[in-house]
Amino acid sequence: MEIIVAKSAGFCFGVDNAVKKVYQLLDTNNERIFTFGPVIHNDQVVNYLKRKGVKIVNDIDEVNEKGHIVIRAHGVTPVIYKKIKDKGLILEDATCPYVKKIHNLVEQKSSEGYRIIIVGDKNHPEVIGINGWCNDNAYIVNSADDVEKLKKSDEKICVVAQTTITKEKWHEVNEALKEKFENILKFDTICSATTKRQSEVEEISKVVDLMIIMGDKKSSNTQKLCDISRKHCPLTFKVETSLDLPQIDVEKIKKIGISAGASTPDWVIEEVIRKMSELNNQEVTKNEVNQEDFN
Ligand code: F3S
């Protein structure tokens, strides 16, 4: 049995940076550490940090002590920055620079009179954060059907993307927007780490019998990887840890592909690879695919 592990599996730059910031704070100071929402969509990491005394808050008003507060990679609205300042908390800003770039763009274009359109999930913290930089005034659309509900208008619009949506969705929504608006300025703000991860999953899922995608059940980028994989490989399984692994019929399954969402630590990925080889009592060839092959 051959196992193909996607080179892009696991932490992206932004998540890695945010998690390291919390670990560094734990190492270097004795003051209270808060994170605004879970720093990462991964229960194992979050539970470990909780045991070390890190407190998750979902509202700055919940904080009644002094200390450091970490803003995770998803970013937040200007209102949250103000509340942090007013409370006298020490800001540890781990907003991913790619997300920060969208905040700046949205703030700028909104001040120039553009209506902002965000292509993404209206309930996702990243999208909520972006919307805050245009006074919560954006239209948020997640499909061509959502665009259908908008009124035709000659207002100037500026379109940006949640960093983790698929290129397919971006194109579909932009095609639909052309029917509604004449004056469109668009910025494809999909993160290249996301695009690489998705294209690698697509390529691997075409050549394997079974695909394992690791990630937290709340992680939207993991779910997108599963959706892409299932188009080519119906035997696609989403697992959070090695305990969720399916039984594998080694007579039928000759090649297995593995990838993981941006919030999956390397040790979880390694554990799954090890368990799969044990489960099947087989010699496993770990075949690292080079991303450059797909570019
Ligand atoms: Fe940043 Fe891209 Fe990760 S936007 S948080 S590096 S998926």
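Two strands count as paired if DSSP finds at least two bridges between them. With that in hand, I will go through part of this structure, which is a predicted model.

I start with strand β8, residues 157–161. On one side, β8 pairs with strand β9, residues 184–186, in the parallel sense over 3 bridges. Within that pairing, Val159 has Lys186 of β9 as its bridge partner. To get from β8 to β9, the chain passes through helix α7, residues 167–178, and this β-α-β crossover is right-handed.

β8 also pairs with strand β6, residues 115–119; the two run parallel and are joined by 5 bridges. Two positions can be picked out here: Arg115 stands opposite Ile157 in β8, and Ile116 has Cys158 of β8 as its bridge partner.

Is β8 buried or exposed? 5 of its 5 residues are buried, so the strand is largely enclosed by the rest of the structure. Buried here means under 20% relative accessible area. The side chains of Ile157, Val159 and Ala161 point one way from β8, Cys158 and Val160 point the other way, and all are buried.

Now the whole sheet. What is the order of its strands? The order is β7-β6-β8-β9, 4 strands in an open sheet with parallel pairing. β7, residues 139–141, and β9 stand at the edges with a single partner strand each, so one side of each has no neighbour in the sheet. On average, neighbouring strands are turned by 25 degrees against each other, direction ignored.

Two helices that pack on this sheet come next. Helix α4, residues 97–111, touches β6, β8 and β9, and its direction makes about 170 degrees with that of β8. Helix α5, residues 125–132, touches β6, β7 and β8, and its direction makes about 170 degrees with that of β6.

Last, a pair of helices. The axes of α8, residues 192–207, and α9, residues 220–232, come within 8 Å and cross at roughly 30 degrees. Angles under 35 degrees count as roughly parallel, and that makes α8 roughly parallel to α9. Their crossing is right-handed.

Which residues meet between α8 and α9? From α8 they are Arg197, Gln198, Val201, Glu202, Ser205 and Lys206; from α9 they are Asn221, Lys224, Leu225, Ile228, Ser229 and His232.

To recap, β8 pairs with β6 and with β9, and its residues are buried.

Notes. Residues are numbered from 1 along each chain as its sequence is written. This is a predicted model: local features need pLDDT of at least 70, side-chain atom pairs count only at pLDDT 80 or more; totals for chains, interfaces and linings use all residues. Side-chain values use heavy atoms; hydrogens and water are left out. Buried means under 20% relative accessible area, exposed over 50%, partly exposed in between (1.4 Å probe, protein chains only). A crossover is right-handed if, with the strands pointing away from the viewer, the path from the first strand over the helix to the second runs clockwise. Axes are lines fitted to C-alpha atoms, for helices over the stretch in contact, and angles run from 0 to 180 degrees between N-to-C directions. Angles under 35 degrees count as roughly parallel, over 145 as roughly antiparallel, 65 to 115 as roughly perpendicular and the rest as oblique. A crossing is left-handed if the near helix is turned anticlockwise from the far one by less than a right angle, and right-handed if clockwise. Contact means heavy atoms within 4.5 Å.
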